[in-house]
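The exercises below are meant to be worked through with the sequence and the coordinates side by side.

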Amino acid sequence: MELLTEFVSANQKTDIFTIGQYIEAHININWETVIQKHNDKLLRAFTKAGDMAYGVYLNFLFRPIHIQLKQVGLYPNPRFPGDFSISREWGNFEETNQQRWMWSTIKSIEGDSLGTIVTITFHDHNQFRIPQQPEIIALAQNDTDAVVEVLSQFSTDFKNAREFKIEYAEYLQSQN
């Protein structure tokens, strides 16, 4: 796969949509390879820590993207795939096909925001399994409220899902 610097040069622009296309291309090529390469580690992580194994997977998947962004003077804030506490998740009753939507704002070294990259991760709560490749949505918005508003218009499921921190607080309250 070509480097981000080459991809940006070929497209003659560095905007959030070009970066989103580059990340999508990286995912298309690497999402299954990362699972195969790190399968034993990911299975052990799932056995020990459950869903945290998907965070381990995403760290492996996005590591090259972090390096490429740094080389062109950009960085995600927070690191990919985003802030777990404000992410939203939903799926089927059996919890074998869940979606978690997280996002990061892409910033320049000077602190200017280009926009937001949303990562959609499909996963299974019963075993380590990624039923389909992660998806990317590039948005011009960079403020959390604006991102939530756009994603709520994009997906009714997203709109109806609660932030993880709210969902978890309700769960803890129900345990008392």
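**Exercise 1.** Determine which backbone oxygen the side chain of Thr105 reaches, and at what distance, and then describe the surroundings of Thr105.

*Solution.* The side chain of Thr105 reaches the backbone oxygen of Asn142 at 3.4 Å, where a polar contact is a pair of N or O atoms within 3.5 Å, one able to donate a hydrogen and the other to accept it, and residues adjacent in sequence count only if both atoms are side-chain atoms. This is a predicted model, in which local features need pLDDT of at least 70 and side-chain atom pairs count only at pLDDT 80 or more, whereas totals for chains, interfaces and linings use all residues. Residues are numbered from 1 along each chain as its sequence is written, and side-chain values use heavy atoms, with hydrogens and water left out.

Because its relative accessibility is 9%, Thr105 counts as buried (buried means under 20% relative accessible area, exposed over 50%, and partly exposed in between, with a 1.4 Å probe and protein chains only). Finally, leaving aside neighbours within four places in sequence, Thr105 is in contact with Tyr75, Pro76, Asn77, Ser113, Gly115, Thr116 and Asn142, contact meaning heavy atoms within 4.5 Å.

**Exercise 2.** Describe how helices α3 and α4 pack, giving their angle and the distance between their axes.

*Solution.* Helix α3 (residues 39–49) and helix α4 (residues 52–71) pack at an angle of about 150°, with their axes 7 Å apart; axes are lines fitted to C-alpha atoms, for helices over the stretch in contact, and angles run from 0 to 180 degrees between N-to-C directions. The two helices, α3 and α4, are therefore roughly antiparallel to each other (angles over 145 degrees count as roughly antiparallel, under 35 as roughly parallel, 65 to 115 as roughly perpendicular and the rest as oblique).

Turning to the residues involved, Lys41, Leu42, Ala45, Phe46 and Ala49 in α3 meet Met52, Ala53, Tyr54, Val56, Tyr57 and Phe60 in α4. By class, this contact of α3 with α4 has 10 nonpolar, no polar and one charged residues.

**Exercise 3.** Identify the residues that touch the most other members of the largest nonpolar core, and state which element gives the largest share of that core.

*Solution.* The largest nonpolar core has 29 residues, of which Ile23, Tyr57, Ile117 and Phe128 touch the most other members; such a core is a set of buried Ala, Val, Leu, Ile, Met, Phe, Trp, Tyr and Cys residues joined through side-chain atoms within 4.5 Å. The elements that give two or more residues to this core are α2 (16–37), α3, α4 and β5 (135–139), and the largest share, nine residues, comes from α4. Leaving aside neighbours within four places in sequence, Ile23 is in contact with Phe62, Ile65, Phe80, Ile117 and Ile136.

**Exercise 4.** Locate the cis peptide bond that joins Phe80 and Pro81 and the one that joins Asn77 and Pro78.

*Solution.* For the bond between Asn77 and Pro78, omega is about -5°, and Pro78 is found in the loop between β1 (74–77) and β2 (88–91). For the bond between Phe80 and Pro81, omega is about 10°, and Pro81 lies in the loop between β1 and β2.

How values were computed. Helices (H or I, at least four residues) and strands (E, at least two) are DSSP runs, numbered from the N terminus. Ala, Val, Leu, Ile, Met, Phe, Trp, Tyr, Cys and Pro count as nonpolar, Asp, Glu, Lys and Arg as charged, and the others, Gly among them, as polar.
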